[in-house]
Amino acid sequence: MTGSQTAAAVLMYHALEDPRHPVAGAPRGELVYVLPGEIFRAQMRLLADSGTDVILPEEDTSRDPRTPSPNGAPRVVLTFDDGHASNHSIALPALLEHGFRGIFFITTDWTGAGNYMSAGMIRELAASGMIVGSHGRSHRFLTDLNDGELIGELAGSKRALEEITGTVVDSISAPGGRIDGRVAEAARAAGYRWIFDSVPALNASLVPGRPAHRFAVMRSAGGSWFERVVSGNPPRSAAIRFRLFEVARKLLGNRLYASLRETLLGGGRPSRRGR
Ligand SMILES: [Zn+2]
């Protein structure tokens, strides 16, 4: 899909390194998602310098051939999961510097706890033109929940974020990327318009109600990986690794899988909460 004008690459970030907001006590397996601030800023500069069209989903006009992306590369959507305070201290200023807007998915039970963003920080994101979305209430995997619990996560987090921001919250990313048909249907019924999973693939277009795929930007990913993804030519290794993990998850179930994955990725103690 090199040079495709009909694709959107959605990037998924988590916490960024900030000594003011350490990723304290995080199992090593989670640190694979924590990017040094300097690397993150370099990636934003690269997007700006290359003329990449950084958009929000509702701005996706990639289906209209009359408006090709300025540099012929996919449009890029920036997303941030979990609501770590470094999203406010590092990501927000970097996005504003380049005139980019992104989507920040908040786990509402964590708001203001430890090094997660306070309600005031979340409000500031919204006031700065960023989109605030839901990452569930407790970060439990939505596919593991019964219908009542599922609705509680979807509606409860939406309500909490709407109270904080004073705006309609209609974007959600699933904790651990776990989405199936039932979860997607429940999310749509709860009023979510933009739904995101963690399947590392380009999107031909961004369609309301249809889960959009995202590339996790990992600490180990080099500059060439990043350049390939945002130029519409993602390495196949990401998709292959994802499929291998998916096979393991289906065989083991979410709980056992989380601890296996922790061992493989980080060699640390089992995670209390997967990403
Ligand atoms: Zn998460």
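This is a predicted model: local features need pLDDT of at least 70, side-chain atom pairs count only at pLDDT 80 or more; totals for chains, interfaces and linings use all residues.
1. The buried residues themselves are S86, N87, H88, I90, A91, L92, A94 and L95.

2. Next, the length of α3. The helix covers residues 86-98, 13 residues in all. Where does α3 bend? The bend is at L92, by about 30°. A proline, P93, follows within four residues. L92 is also one of the buried residues of α3. Just after the helix, G99 has a positive phi of about 70°.

3. Now the strands on either side of α3. Together, β4, α3 and β5 form a β-α-β unit, and the unit is right-handed. β4 and β5 are parallel and pair over 5 bridges. Look at D81 for an example: its bridge partner in β5 is F105.

4. How many residues of β4 are buried? The count is 8 of the 8, so the strand is largely enclosed by the rest of the structure. β4 also pairs with β1: the two run parallel, joined by 6 bridges. Here V10 stands opposite V77 in β4. So much for pairing on β4: β1 is one partner, and β5 is another.

5. Move on to β6. β5 and β6 pair over 4 bridges, again in the parallel sense. I106 has S134 in β6 as its bridge partner. From β5 the chain passes through α4 to reach β6, and this β-α-β crossover is right-handed. Both faces of β6 are covered. I131 and G133 are buried on one side, V132 and S134 on the other.

6. Helix α5 deserves a close look. It runs over residues 147-165 and has 19 residues. From first C-alpha to last it reaches 27 Å, close to the 27 Å expected at 1.5 Å a residue. Its buried residues are L150, E153, L154, S157, K158, L161, I164 and T165. Why do they line one face of the helix? Seen down the axis of α5, the buried residues fall within an arc of 135°, so they line one face. An α-helix has 3.6 residues a turn, so residues three or four places apart point the same way.

7. What lies on each side of α5? The cover over its buried residues includes β5 (102-106), α4 (119-127), β6 (131-134) and α6. The face turned away from the buried side carries the exposed residues D147, G148 and E163. Just after α5 comes G166, with a positive phi of about 70°.

8. Last, a glycine in a loop. G176 sits between β7 (171-173) and α6 (181-189). Is G176 buried or exposed? It is buried, because 24 other C-beta atoms lie within 10 Å, and the cut-off for buried is 20 or more. A258 is 82 residues from G176 in sequence. In space, the two C-alpha atoms are 9.4 Å apart. The helix that ends this loop, α6, is also among the elements covering the buried residues of α5.

Terms used: Residues are numbered from 1 along each chain as its sequence is written. A residue is buried if 20 or more other C-beta atoms lie within 10 Å of its own, exposed if 12 or fewer, and partly exposed in between; C-beta atoms are placed from the backbone. The expected span of a helix is 1.5 Å times one less than its number of residues. The arc is that of the directions from the helix axis to the C-beta atoms. Two residues are in contact if their C-beta atoms, placed from the backbone, lie within 7 Å. The bend at a residue is the angle between axes fitted to the seven residues ending there and the seven starting there. Two strands pair if DSSP finds at least two bridges between them. A crossover is right-handed if, with the strands pointing away from the viewer, the path from the first strand over the helix to the second runs clockwise.
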